[in-house]
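Welcome! Let us take a short walk through this model, starting where its chains meet.

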There are 2 protein chains.
Amino acid sequence: MTSERSAPPTISEVAIEAGVGRSTAARTLGGYGYVSPELRERVLAAADRIGYRANALARSMSTGVSHTIGVIVADLANPFFGGVVRGISDAAHERGSDTVVISTNEHLSEEVAATNVLIDKRVDGIIIASAAVDAASATHIEQARDHGIPVVLVDRAIPGLGLDAVVIDNRAAARGAVERLIAAGHRRIGFVWGPPVPERPRRRREMIDAAARSLWTDGERLQGYLDALDDEGIVFDADLVMVGEKTEAHALQEVGRMLAMTDPPTALFCTETDALTGSLRALREARLRVAADVSLIGFDDSSWATVMEPPLTMIEQPMLALGTRAAEVLFAAVEGQDSRGELHTLDTRLIERESVAPAPRL
Amino acid sequence: MTSERSAPPTISEVAIEAGVGRSTAARTLGGYGYVSPELRERVLAAADRIGYRANALARSMSTGVSHTIGVIVADLANPFFGGVVRGISDAAHERGSDTVVISTNEHLSEEVAATNVLIDKRVDGIIIASAAVDAASATHIEQARDHGIPVVLVDRAIPGLGLDAVVIDNRAAARGAVERLIAAGHRRIGFVWGPPVPERPRRRREMIDAAARSLWTDGERLQGYLDALDDEGIVFDADLVMVGEKTEAHALQEVGRMLAMTDPPTALFCTETDALTGSLRALREARLRVAADVSLIGFDDSSWATVMEPPLTMIEQPMLALGTRAAEVLFAAVEGQDSRGELHTLDTRLIERESVAPAPRL
C-alpha cells in the first residue's frame, strides 16, 4: 500500500501547478463530487505535467477504499465472458470486494466510456477484455493507470502496452486441435473463422496480420493452425480459411463455399461457438454427417456439445480460472505490486468425444 | 425531474434532526465523500424519521446526475441474462447513460450487497432480476427506493412489492408448449425441472407452492403445464415432475427415473437449458431417440438447438426486448413517473422444428 518512489508529487502540488484550490484538485483526482469541466481539465493537465499519480493509499485516506473492482468485457451474451466474470467476482468476494461489470459489445468507443465510468466510480482496479489491439488504441487504459487505478487484461493481450494479461495459450490450443485432425489423416482442414476482411489475403503473413488486427486471439489461433500444418509439411491454402464478417450466417456461407470446392476440406477447425454452429448448419445443408463425412473440432466447450449427435470434440477454456487468476493479479497490483507486463498463460484441454474420424482414403 | 409531493423534507432539515452539519448530511445522503460510520448511521436514522427521500433532481443538483444505471442479475454465465443486459445497455446508451452490472449467483446475500454497492455508487436507477421471492425477503429493494433510487424488476416479479416488473408470460408460454405436445397425442408428459425440494409433494397446490418458493418463474411454468393438462382432462401425476436440485446432473438422474417407470413419459417439457441438456443425456443413456421415441420441447432458444439432430422445438424468449422495455420503464421512473406496480408482459414464441412427433400408439 506504499508508493515505490520517494517524495511523489502531492495533491497540493497539483493544485498549485493548476492554480486551483486544494479541494478542487482533490475532488478531480479522487473522482468524487462536482468539478466543472474546465477546472477538471486544468487539474488533470497539471497532474500530468508534474507526474502526479494517485495511489490506493491516498485514495483510501481521502475518500475511503471503494472495495469495488470494475470489469469490462466485450460481450456479456457470450457465456465465455459470463464464466470469466463469475471467476473474478468469486475471487473478489472472498477478499470482501464487490465486482461491477460493463459490456462494450466489442466497440472501442463504448470501452472508452466504460473506463471513464469506472474511474468516476472510484473502483480499486479494472480487469478488461479489451477491444483495443495495440497501444495506440489503448490510451483510455493508460488514462485509468494515470488515475492510479491498476489495470489487468484478461483473455486478450495488447502487445506493446506493458500490462499484465491473463490469457490461455491460444496458439498452442489451436495447434493441438489441428495436430489431432492431422493425426487422423486429414490434410485439407478448413479454418473458421479467419480475418474479417472483404478481400482474401493470399500470403500467410498478410492473413495472420489481418486476423490479429481484428483480435489478438484470432491472430494467435490462426498462427497455431499454421504451426500444425508446417510441422507436417502441409501447404497452406488460403481458400481453406474463412474471411469476412464474423457471424454464424457468414460462417454458413463460407463453409458452404469450401465444401463446394473441387478439393474440399475433410475436416474443420472452428474457433468460436458461432463459427461452429454456422459450420454445422453448412454440413447439414450439404447433407454431410459430422465425423462420418467431415471431422470437426470446436473452441469453447459447452454442455450442448455433449448432447450433439455425435458428441463434439472441443477445446475447453478454463473460464473460472482465467477470472480468479486475473483477480489475484489485480489485487496484487492494488496492494502496490508493480505490474511487470507479464503474460500469465493458462492451459486449455482438448476434450475428445466423437466428432473426429479417420480421413476418407483418396 | 420534479418531486410530486409539496414541501418534502430537505437535507438541511435532516441535518438539524440528526444534530450534524449540513455537509455531513449531504455527503451521507448523496453517497459521496467520507462520513464516519456513527455519523452516517445518525443521518440515515434522522432521514428515516422525518421521511426524507432523495430525488433525482436533488441528487443532480448536489453531486451531478450519475448517468449510470445499475443492473443486478442472478447469473451472468446464463446467456439469457447476457441478452437481457445487452437490451438494457443498448437502451441506456441511447439515452446517454452507462450500465454497470453485478451478478449474484442466485444468492440473496450477494444481492443485498450488490444493492448497497449501487446505492453507494449513486446510480440513477436499478433493474434487478431478483432472487427474492416475496416482499419479506426484499427489504434491500425497499431500501434502494428509500434512497430515492427507482427499481424495476426484470424476468421475475415479486408478489406483494408493488414494483413494476417486465416479464414474459411464463404461464402462457409453458401452457402453449404442453398443448403442442398434447395435440401430437402425448398424455404422459414429463416436466423438467420442478421444485428443488428433497421430498416429492403429492398434491398439485403443494407442488406449485414449492416451485414458486424457489423462483417466481418456476411456479408460473409449472402452473402453465397444469393448465394444459387440465384443459384436456389429463390427470396430474406427481411422478412425472422432477424434484430436487436444479442441475444438469440431477435432471439426467430424474429423467432416467421417469424413463424407467412402467408407464414412462412419451414427451418432455424442459424449462431451462440445463434441464434440457440433462434430459437429452438421459435419452441418450436410455438409447432413446428424440422425436422418434420421446418428443421434447425446451425453453430459451439458442443457435445450438438449430444444429441438433433433429433440430429442437423451442420457446424463444425476447431477451433484448425484456431489457429495452425494463430500461424504458426505469427511465420513466427516474424522470419522476410514479411506479404503479404494473406487470409488463412480453410475448414468447414457440419455434417449431423437429423434436415433436406423434405419440406412439398404445
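How many residues of chain B are in contact with chain A? There are 44 of them, and they touch 42 residues of chain A, where contact means heavy atoms within 4.5 Å. Before going on, please note that this is a predicted model, in which local features need pLDDT of at least 70, side-chain atom pairs count only at pLDDT 80 or more, and totals for chains, interfaces and linings use all residues. Residues are numbered from 1 along each chain as its sequence is written, chains are lettered from A and ligands numbered from 1 in the order written, and side-chain values use heavy atoms, leaving out hydrogens and water.

About 3800 Å² is buried between the two chains, with carbon and sulfur atoms giving 61% of that area; this is the accessible area (1.4 Å probe) that two parts lose on being put together, summed over both. The interface of chain B and chain A holds two salt bridges (a side-chain nitrogen of Lys or Arg within 4 Å of a carboxyl oxygen of Asp or Glu). One of the pairs forming a salt bridge is A:R284 with B:E309, whose closest N and O atoms are 3.0 Å apart.

Here are the elements of chain B that give two or more residues to the side touching chain A. Helices (H or I, at least four residues) and strands (E, at least two) are DSSP runs, numbered from the N terminus.

| Element of chain B | Residues |
|---|---|
| α5 | 79–94 |
| β2 | 98–103 |
| α6 | 108–120 |
| α12 | 273–285 |
| α13 | 303–306 |
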